[in-house]
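Subject: Structure for you to look at

Hello,

Here is the structure I said I would pass on.

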Amino acid sequence: MMNSAKTSQIQRLRDEFHLELVAIKDWWGTCAIDEEYGGFAGEVSNEGVPRQDAKKGAVLNARILWFFSEASLCLNDKEAKDLAHRAYDVLKSQFTDKVHGGLFWSIEPDGAVLEPKKQTYAQAFGIYAYCAYYKLTGDIEVLDSAKTLFDIIETRCTDRDNNGYHEALSQNWAPLDDVRLSEFDSNFPFSMNTHLHVLEAYTELQKHAPSEAVRTALVNLIHIHEDKILHEDGAYCRLFFDRNWNDYSNEISHGHDIEASWLIHEACLAVDDPVLAAQLQKKILKLADTCFETGFANREYVYNETEINGPIDKTSIWWVQAEAIVGFLNSYEMCGKVEHLSAVFTIWDFTKRHHIDHEYGEWRWSALVDGAAKIRPYKCGMWKAPYHNGRSMIHGIRLIDKIQKHHTQQTITELHSESSFNRRGQRA
């Protein structure tokens, strides 16, 4: 049972998450609006200035839609709901391929299609965003859009022979030579990152539109992670593979490992299979434990990545800290490891001091302690949305509520037991 000091500390953490969620919502609702062409800017500088010629990405827009939908629900905020409507209109009208189906990768600022390729990762985030927006609005057409993208992924993006999901295809779903998500990724047919976010999307779809087809695909994805992506000892996730699932990873990504730990746990809960959940629990906790021991190791933050048999990249990246907060809260809620809860407090304190920009708002890409050279020149862009940090605050609040509820129930049970013991003693 948590003592009164820890109970007070975790409530204060919840209060700070709530305040930061409001701050993130306010920044994106003010600085990221595209006043000229509508929707949201493709890029905004660290000082909050939109770049008018920046391309707009499907993943960025879907993440914005997800964020404002979930933030509106969490905060009971009408402004966030209006901004979710804005993001939804753009995703449906400008990113949706009305001829071949699916979501384009990117568009010009004025809405013209720029990169028409179909990245499976982007289709998954479309499902994720539509599910959140459906939860907010109750609009069945939105849920139908999520189901349509599910059907597209299962019919177009699935490699049935090798039981995996293609990285990318052309506009009309033909093979591509270059399937990378970005210039920073390796060019392999299968990746951990894409499979993780398809799993994430299917988890939400199963919650809001449960079906045997979605459940079967989600169970299969859980097993892909268990059998193919997790290293044999379960300590970390392998990142890149050929079509036969041979491993070509060069690094261990600590942020992806801790993110995978809680997303796989969410997937197990969504399929409602106690046997599968029990089977995966040890592996989920092994991922969290290894990240704690090697990526965090009682420092102030989680390292970016470690080369296999090589050096450690000690940079603090904003999304890694955001995922570590959720991942360690989740592992604490699962097994009660106090050191994981303590890590959350430590990482959050570091984030407040070195990532959150108290002058211009939002979170810096990398921490102040890493030097200005490593901080990218934007806070909104193709790979920076209110998704990781916004989700960290939203899920952090939800997990703290679960922890507090469990703590209250445990206290009541213990008080009841003590009372029963005293009554027995008196009767004796």
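**What was found**

Trp-245 lies in the loop between strand E10 (240-241) and strand E11 (251-253). Keep in mind throughout that this is a predicted model. Trp-245 has a positive phi of about 65°, although it is not a glycine. Is Trp-245 buried or exposed? Its relative accessible area is 10%, and buried means under 20%, so Trp-245 is buried.

Asn-163 also has a positive phi, of about 50°, and is not a glycine. This residue sits in the loop between E6 and E7. Its relative accessibility is 33%, so Asn-163 counts as partly exposed.

Next, the core. The largest nonpolar core has 134 residues, and those with the most contacts inside it are Ile-127, Tyr-202 and Phe-328. Helix H4 (residues 120-137) gives the most to this core, with 13 residues. Leaving aside neighbours within four places in sequence, Phe-328 touches a set of residues that includes Ile-258, Phe-292, Val-302, His-340 and Ile-347.

Thr-120 is placed in helix H4. With a relative accessible area of 1%, Thr-120 is buried. What is it in contact with, leaving aside its neighbours within four places in sequence? The partners of Thr-120 are Ile-153, Cys-157, Tyr-165, His-166, Glu-167, Ala-168, Thr-194 and Val-198.

The buried residues of H5 are Val-142, Leu-143, Ser-145, Ala-146, Leu-149, Phe-150, Ile-152, Ile-153 and Glu-154. Among the elements that cover them are helix H3 (78-93), H4, strand E6 (158-159), strand E7 (164-165), helix H6 (192-208) and H7.

Last, a pair of helices. The axes of helix H7 (residues 212-229) and helix H8 (residues 254-271) come within 10 Å and cross at roughly 145°. This crossing of H7 and H8 is left-handed. On the H7 side, the contact is made by Arg-215, Leu-218, Val-219, Ile-222 and His-225. H8 contributes Ile-264, Ala-267, Cys-268, Ala-270 and Val-271. By class, the contact of H7 with H8 has eight nonpolar residues, one polar and one charged.

Regards

Key:
Residues are numbered from 1 along each chain as its sequence is written. This is a predicted model: local features need pLDDT of at least 70, side-chain atom pairs count only at pLDDT 80 or more; totals for chains, interfaces and linings use all residues. Side-chain values use heavy atoms; hydrogens and water are left out. A nonpolar core is a set of buried Ala, Val, Leu, Ile, Met, Phe, Trp, Tyr and Cys residues joined through side-chain atoms within 4.5 Å. Buried means under 20% relative accessible area, exposed over 50%, partly exposed in between (1.4 Å probe, protein chains only). Helices (H or I, at least four residues) and strands (E, at least two) are DSSP runs, numbered from the N terminus. Contact means heavy atoms within 4.5 Å. Axes are lines fitted to C-alpha atoms, for helices over the stretch in contact, and angles run from 0 to 180 degrees between N-to-C directions. A crossing is left-handed if the near helix is turned anticlockwise from the far one by less than a right angle, and right-handed if clockwise. Ala, Val, Leu, Ile, Met, Phe, Trp, Tyr, Cys and Pro count as nonpolar, Asp, Glu, Lys and Arg as charged, and the others, Gly among them, as polar.
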